[in-house]
Amino acid sequence: KMQTLLIVDDAAEYVYSLRNALKSDFNVICAFTLEEAKKKTDKAIDIILADIRLDEANPDNQEGVLLLEWVKSNFPDKPVILMSAYMADGGKALIAKGASAFMEKPVFLSELKEKLKVLSNK
């Protein structure tokens, strides 16, 4: 059966372009806020791909990290891939918090598909 991927990002066009690129491999569900992502995360979601900053207007926003922490406490086995255009350390601290992977934005589709494939075959 096709795995279900939840994409979380406040930039709608970005979410939709990722969805179009991935919908042949995954059942894609989209969320644009932390609250919406929490509501949509349940046992049916296999993998989560989330931007770290879910409010472009606020440079200190780290809601993607809050989402990661929430997912890890509620669904410890769910892989979470975090993305950001603003992370200098390659996401080391995020991996320490339980992220399965970190990707710089803009994400290379081939690299993303490869990571998703590896994580979905766990």
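**A strand and its surroundings**

Mentor: Leu-49 stands opposite Ile-81 in strand 4. The model is predicted, so local features need pLDDT of at least 70 and side-chain atom pairs count only at pLDDT 80 or more, while totals for chains, interfaces and linings use all residues. Residues are numbered from 1 along each chain as its sequence is written, and side-chain values use heavy atoms, with hydrogens and water left out.

Let us take strand 3, which covers residues 47-51. Strands (E, at least two residues) and helices (H or I, at least four) are DSSP runs, numbered from the N terminus. Strand 3 runs parallel to strand 4, and 4 bridges join them. Strand 1 also pairs with strand 3 in the parallel sense, again over 4 bridges, and here Leu-5 stands opposite Ile-47. Two strands are said to pair if DSSP finds at least two bridges between them.

Next, consider how far strand 3 is covered. A residue is buried under 20% relative accessible area, exposed over 50%, and partly exposed in between, with a 1.4 Å probe and protein chains only. Since 5 of the 5 residues of strand 3 are buried, the strand is largely enclosed by the rest of the structure. In a regular strand the side chains alternate between the two faces of the sheet. Here, Ile-47, Leu-49 and Asp-51 lie on one side, Ile-48 and Ala-50 on the other, and both faces are covered.

Ile-48 shows what one of these faces meets. Leaving out residues up to four places away in sequence, Ile-48 touches Leu-5, Leu-6, Val-8, Thr-41, Leu-67, Val-71, Lys-78, Pro-79, Val-80 and Ile-81. A contact, or touch, means heavy atoms within 4.5 Å.

Ile-81, in strand 4, is buried with a relative accessible area of 0%. Beyond its neighbours within four places in sequence, the contacts of Ile-81 include Ile-48, Leu-49 and Ala-50, and also Leu-112, Leu-116 and Leu-119. Gly-64 is 17 residues from Ile-81 along the chain, and their C-alpha atoms are separated by 9.8 Å.

Ser-120 lies in helix 5, residues 109-120, and counts as buried at 14% relative accessibility. A polar atom of the Ser-120 side chain lies 3.2 Å from the backbone oxygen of Lys-117. That is a polar contact: a pair of N or O atoms within 3.5 Å, where, within protein, one must be able to donate a hydrogen and the other to accept it, and residues adjacent in sequence count only if both atoms are side-chain atoms.

We may now turn to the cores. In soluble globular proteins, nonpolar side chains tend to be buried together. A nonpolar core is a set of buried Ala, Val, Leu, Ile, Met, Phe, Trp, Tyr and Cys residues joined through side-chain atoms within 4.5 Å. The largest one has 20 residues, and Leu-6, Val-8, Ile-48, Leu-67, Leu-82 and Leu-94 have the most contacts inside it. Strand 1, helix 2, strand 3, helix 3 and strand 4 each give two or more residues to this core, and helix 3 supplies the largest share, 4 residues. A second, separate core of 18 residues includes Leu-5, Leu-18, Leu-22 and Met-103.

Helix 3 also holds Val-65, which is buried with a relative accessible area of 6%. Apart from neighbours within four places in sequence, Val-65 is in contact with Ile-52, Leu-94 and Lys-97.

The chain has 5 helices and 5 strands, in the order β-α-β-α-β-α-β-α-β-α from the N terminus. Of its 122 residues, 43% count as buried. Among contacts between residues at least 6 apart in sequence, 56% join residues at least 24 apart. The radius of gyration, taken over C-alpha atoms, can be compared with a globule rule of 2.2 Å times the number of residues to the power 0.38. For 122 residues a compact globule would have a value near 14 Å, and the 13 Å of this chain agrees.
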